[in-house]
Amino acid sequence: MIIKLSPVRSDSELTVFKQGESLTINGLTLDLSQLPNGATLPATAVGCDWLIDQIARINGQLTVTLTLPHGPDAPEAARFPADIADPANGKVVLPIPDALLPSPSQGYAAIDWGQVVTAEDQVEAAIQQKRDIAIAEVAQRRVVADAAIAPLQDAVDLGDASAEEADMLKSWKRYRIALSRLPEQAGYPNEIDWPELPA
């Protein structure tokens, strides 16, 4: 487990105990053992105000970020705290004075595991983002093609097109068809072989 600390000027007190993959923060226990590898859980899914960033399990290692309150004359270690890596079970040593009174037990925090973002979810989100970017790019290129095709098509329809304009119309239509077939490419949307603009 890695505990990251985010310092903030406050007169509040903080006490943290660790037991396995559970943290007890000012008397409130968070059992994080259910978080799958590669997944994240937003801080808002946990009923604990001391958590300020998503909880993550990367390569089996849990990472949490806690607010670290400190007084006006706090030492540098409290104002610029180092991460606490692999703390032993028991009371976690923080770079601030110990609380004057022990925190009363508040039981277990309610954790909304439905907000877990799995590694698979993250991969799918990244693919969807690339797909959205590709769709937007196709739309922009389609606007260019449509604008080029319209006057050429008018000339052909009126029998007023030169042989060169008729050939150019076919080239633009082939380009537009190629754009519509991009999703059929094997690497789409990660790798896209974009058609060349008609010369």
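Okay, let's start with a charged pair: Lys 91 makes a salt bridge with Asp 98, and the closest N and O atoms sit 3.3 Å apart. Bear in mind that this is a predicted model. Lys 91 is partly exposed, at 41% relative accessible area, while Asp 98 is exposed, at 54%.

There's also a network here: Arg 142, Asp 146 and Arg 176 are joined by salt bridges that share partners. Searching the whole structure turns up eight salt bridges.

Here's another one. Arg 57 pairs with Glu 21, with 2.8 Å between the closest N and O atoms. Those two come from distant parts of the chain, 36 residues apart: Arg 57 is in strand 6, and Glu 21 is in the loop between strand 2 and strand 3. So is Arg 57 buried or exposed? It has a relative accessible area of 6%, and the cut-off for buried is under 20%, so Arg 57 counts as buried. Glu 21 is partly exposed, at 29%.

Then there's Asp 11 with Arg 9, a side-chain salt bridge at 3.0 Å, N to O. Asp 11 is exposed at 67% relative accessibility, and Arg 9 is partly exposed at 45%.

Okay, on to the helices. The axes of helix 2, residues 119–157, and helix 3, residues 163–180, come within 9 Å and cross at roughly 150°. Angles over 145 degrees count as roughly antiparallel, so that's what we call this pair. The crossing is left-handed.

Who's touching whom? On the helix 2 side we have, among them, Val 138, Ile 149 and Leu 152, and helix 3 brings residues including Met 168, Trp 172 and Leu 179. By class, that contact has 14 nonpolar, one polar and six charged residues.

Key: Residues numbered from 1 in each chain as written. Predicted model: local features only at pLDDT ≥ 70, side-chain atom pairs only at ≥ 80, totals over all residues. Heavy atoms only, no water. Axes fitted to C-alpha atoms, helices over the stretch in contact; angles between N-to-C directions. Helix = DSSP H or I, 4+ residues; strand = E, 2+ residues; numbered from the N terminus. Parallel < 35°, antiparallel > 145°, perpendicular 65-115°, else oblique. Left-handed = near helix turned anticlockwise from the far one by under 90°. Contact = heavy atoms within 4.5 Å. Nonpolar A, V, L, I, M, F, W, Y, C, P; charged D, E, K, R; others polar. Salt bridge = Lys/Arg side-chain N within 4 Å of Asp/Glu carboxyl O. Buried < 20%, exposed > 50% of the residue type's maximum accessible area, 1.4 Å probe, protein only.
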